[in-house]
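Dear colleague,

I am passing on the structure that we spoke about, and you will find the sequence and the model directly below. My notes on what was found follow after it, and I would be glad if you could read them with the model open.

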Amino acid sequence: MAVYTQVPAEEIDAFLTRYDAGRLVSAKGIAEGVENSNYLLETTGPDGNGHRYILTLYEKRVNEADLPFFMDLLDHLGARGCLVPRFIADREGRRLQQLAGRPACLIEFLTGISVTEPTAGQARAAGAALGAMHRAAEGFAGTRRNALDLPGWHDLAARCGADFDRIAPGLKARVAEELTFLDTHWPAELPRSVIHADLFPDNVLMLGDRVTGLIDFYFSCTDIRAYDLAVTHSAWVFSNDGATWHGDRAAALGAGYRETHGLTEAERAAFPVLCRGAALRFLLTRAYDWINTPADALVTRKDPLAYLRRLEFYAAADPAMLLGA
Ligand SMILES: Nc1ncnc2c1ncn2[C@@H]1O[C@H](COP(=O)(O)OP(=O)(O)OP(=O)(O)O)[C@@H](O)[C@H]1O
Ligand SMILES: N[C@@H](CCO)C(=O)O
């Protein structure tokens, strides 16, 4: 579960008095997610008719100095019709607060559920939403370096060191070999933009086949735009354990992205390498967390090998099949 910081209800109620949000009716810790502490708040609402909010306390990986970038990005995207949650300002215009010793924000609640086994129709909607987000991001002036880029992957791999082989024998050598491949083949010249960089099914809220919200922009950064589609691909077109490839979902994801944005020839040519990079990125962060999170911690560790399986799939795949026609 992801409630690292427990906040007493009285403290949340007092926190809410800074806002035009009503009084606290209930506060429930949200189990999903691994990065931050999230609460679902029900309040009497600004007008007494009841309202829901998300309260997020920022934990290990989110740097407080990056929060203005995320806030401005969501304002920009929201103003251009993307279904993203806005950060709510208090009566003095402040969006970033401190609560229980952590940076904290009150955030708009969006309806919808995250699917665990997407259908092709849902993958198509996710692809279309990603393309629409890329269109809406055009003209956004903010920039943020991707700390989880190729140099960042080298750094993470070095920090895992010999411990890789505690996860699976031979993993250290396989990661080293892949980094060497990516050092040679990673594309340098592709269009860059602001990307989400973590558009997994758990970060897309849906009702049926309709996207109702894109959330969790805390990895968003400036990087190769088509890499965002590769990240999304790696997360949507396999079974969760990475053992089964779903070609129908992949074709649908590609079709959805083409509906709203599309890839250039150069992006298409580089796509298999971008997918290998995406698979390695999640293999590495999961391996690092696996090694550094005690097995009895409250948070559920995610399986790094589910991304090793994806990596091996991409390394062997016929490039033409990755996105359908
Ligand atoms: N704005 C929102 N509206 C509705 N539900 C939300 C919102 N933000 C977060 N949630 C809920 O809280 C859960 C965790 O949020 P989020 O994915 O941002 O957490 P995280 O700890 O950053 O997780 P991750 O492991 O995906 O990085 C989501 O799966 C969703 O159920
Ligand atoms: N979405 C990521 C967690 C955030 O890096 C994963 O499933 O590994």
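Met206 stands opposite Val211, a residue of strand β8, in what is a predicted model. The two strands concerned are β7, covering residues 204-207, and β8, covering residues 210-214, which pair in the antiparallel sense over 4 bridges. With 2 residues between them, β7 and β8 form a hairpin, and in its turn Gly208 has a positive phi of about 65 degrees.

As to the annotation, UniProt, in an unreviewed entry, places the feature "domain: Aminoglycoside phosphotransferase" at residues 27-262.

The domain assignment divides the chain in another way, giving domain 1 at residues 9-108 and domain 2 at residues 120-321. Between the C-alpha centres of domain 1 and domain 2 there are 27 Å, and the contact takes 18 residues from domain 1 and 18 residues from domain 2. On the side of domain 1 that touches domain 2, the residues divide into 11 nonpolar, 2 polar and 5 charged.

Two ligands are worth a look in turn. Around ligand 1 there are 20 residues, of which Glu32, Gly33, Glu35, Pro85 and Asp216 come nearest. This shell divides into 10 nonpolar, 5 polar and 5 charged residues, and it draws at least three residues from each of domain 1 and domain 2. Ligand 2, for its part, has around it Val34, Asp198, Phe200, Phe282, Thr285, Arg286 and Lys302, a shell that divides into 3 nonpolar, 1 polar and 3 charged residues.

Finally, I looked at Ala100, which is found in the loop between β4 (97-99) and β5 (102-108). Is Ala100 buried, exposed or partly exposed? Ala100 has 14 C-beta neighbours inside 10 Å and therefore counts as partly exposed, since a residue is called buried only at 20 or more such neighbours and exposed at 12 or fewer. Leaving aside residues up to four places away in sequence, Ala100 touches Thr5, Val7, Glu11 and Leu57.

How values were computed: Residues numbered from 1 in each chain as written. Chains lettered and ligands numbered in written order. Predicted model: local features only at pLDDT ≥ 70, side-chain atom pairs only at ≥ 80, totals over all residues. UniProt positions renumbered as here; feature names shortened; annotations may be inferred. Pairing = 2+ DSSP bridges. Domains from an automatic or database assignment. Contact = placed C-beta atoms within 7 Å. Nonpolar A, V, L, I, M, F, W, Y, C, P; charged D, E, K, R; others polar. Near = placed C-beta within 6 Å.
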